[in-house]
Amino acid sequence: MYSLRRVTRPLPTFASALRSAVSGAVLAHDELVTLLQARSSDFAALHSAAAAATKRVFGDEVSMRGIVEFSNACEKRCTYCGVTAYDRKFLVSHEQILECCEYMHRAGYRNIVLQSGEIASEQRIDWVCELLDKIKRRYTFERDRGMCVVLSIGELSRRQYERLFDAGAQRYLLRIEASDRQLYEQIHPTDGNHSYERRLQCLRDLKDIGYVTGTGVMVGLPGQTYDNLANDVAFFRDNQFHMIGLGPYIIHKDTVMGKSIISRTTQKEREETAVEAGMTTLNMYNVLRLQCPYINIAATTALETLKRGYKKLALTGGSNVLMPIITPKQFRAGYQLYEGKKEVDMDREETHREVLKLLNDIGKKPVFTKWNHPPLFMHKQRQELNP
Ligand code: 5AD
């Protein structure tokens with residue numbers, strides 16, 4: 001059976017776990033499990049508590065970051081990811097990316113996320129550094145006025161991360177995918193090119209260099225348990241990551257993991273697991289907001305792909321960041337990490353209009369023009385400047 005296994009040992013009651021979370025206590029493992037497994041009225045109570053915490057820190061503001069997925073070429077072979085499933089490889093040119101920047105800048109965005117498959121060559125780093133230089137010359141990297149560039153281009157050497165930082169990149173997103181070593185190893189090939197240690201080292205390097213650092217996991221992976229997810233929350237909290245982007249695992253039929261799941265489960269089982277993963281993802285956002293009030297938590301595209309309306313639900317609870325896809329339409333079909341990805345058929349105008357409507361529906365205010373680094377990061381920076 002392929003599903004998130006619920007914990008069967010006796011656990012603290014929901015009421016006591018929620019009380020402790022709301023009081024701001026660092027939750028014990030089993031309290032985290034209780035909250036993550038919350039359903040029906042408990043689910044709603046957790047959601048309201050997280051909504052209040054989000055409101056206290058961010059008011060009604062939702063930070064907007066546009067994402068451009070600039071290449072699907074990848075040296076990795078993660079068993080879950082569909083990025084390598086497309087024969088036709090693309091690399092969006094500097095000119096086309098700058099054109100996206102221009103569109104974003106006009107629409108008000110001051111945050112651009114550049115994401116791609118992983119290519120760790122020096123030539124690729126040169127290419128990204130040159131791009132950063134062009135963005136800087138055109139828009140400056142001055143806080144709130146110029147562009148804040150966020151990179152999400154995988155595992156690189158410390159030296160390469162430093163070069164990109166020196167070239168002006170401010171933030172970096174690199175998911176741990178699964179903070180449990182054994183689960184991490186189960187979902188990556190044993191080819192010497194995928195290492196849990198290496199991933200941890202990258203995250204340490206990024207924080208140490210001074211990036212605003214984001215990480216995250218997938219929810220609903222085969223073999224994953226609520227104990228794993230509780231440990232993921234503790235991992236984010238205890239290592240003080242500034243941003244979290246996490247979402248449900250979604251099957252891609254042309255991947256090793258996708259094929260294996262499809263061959264041994266029924267459609268009905270897969271649908272049930274998807275429902276479970278969606279609810280649990282929302283619980284993850286909500287629990288995280290209570291445990292780490294000052295971080296940015298993104299409502300991910302994968303969540304909306306799983307169930308329509310879930311992005312809205314995320315943003316009325318613990319999440320405070322939205323990342324509309326600005327990738328030019330002609331490249332979108334070649335960048336589907338999972339199937340049924342939302343927005344593949346849309347152009348950026350439609351995407352933009354849709355997010356504005358979505359936020360309007362829930363009474364939230366989109367904030368484009370401020371960089372809005374997470375308060376956790378800003379606070380640390382102030383402490384370092386005025387010890
Ligand atoms: N389902 C959901 N998320 C996925 N990712 C990759 N493949 C999938 C999938 N099948 C996520 C990974 C990666 C991010 C860019 O996309 O967590 O870090």
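**Notebook: ligand site and sheet**

I looked up the side chain of Glu177 and found one of its N or O atoms 2.5 Å from an oxygen atom of the ligand; this is a polar contact (a pair of N or O atoms within 3.5 Å). Taken alone, the ligand exposes 400 Å², and the protein buries 87% of that (accessible areas by the Shrake-Rupley method with a 1.4 Å probe).

I noted that this is a predicted model, where local features need pLDDT of at least 70, side-chain atom pairs count only at pLDDT 80 or more, and totals for chains, interfaces and linings use all residues. Residues are numbered from 1 along each chain as its sequence is written, and side-chain values use heavy atoms, leaving out hydrogens and water.

I checked two further contacts. Arg175 has a polar side-chain atom 2.8 Å from an oxygen atom of the ligand. Tyr80 places a backbone N or O atom 3.0 Å from a nitrogen atom of the ligand.

I then listed the residues around the ligand (a heavy atom within 4 Å); among them are Cys81, Gln115, Met218 and Tyr338.

I turned to the sheet. Ten strands (DSSP runs of E, at least two residues) form an open sheet with parallel pairing, in the order E2-E3-E4-E5-E6-E8-E10-E11-E1-E12. Strand E2 (66-71) and strand E12 (365-367) are the edge strands, each pairing on one side only. Two strands pair if DSSP finds at least two bridges between them.

Ile244 stands opposite Ile297 in E10.

Key:
A polar contact is a pair of N or O atoms within 3.5 Å; within protein, one must be able to donate a hydrogen and the other to accept it, and residues adjacent in sequence count only if both atoms are side-chain atoms. Helices (H or I, at least four residues) and strands (E, at least two) are DSSP runs, numbered from the N terminus.
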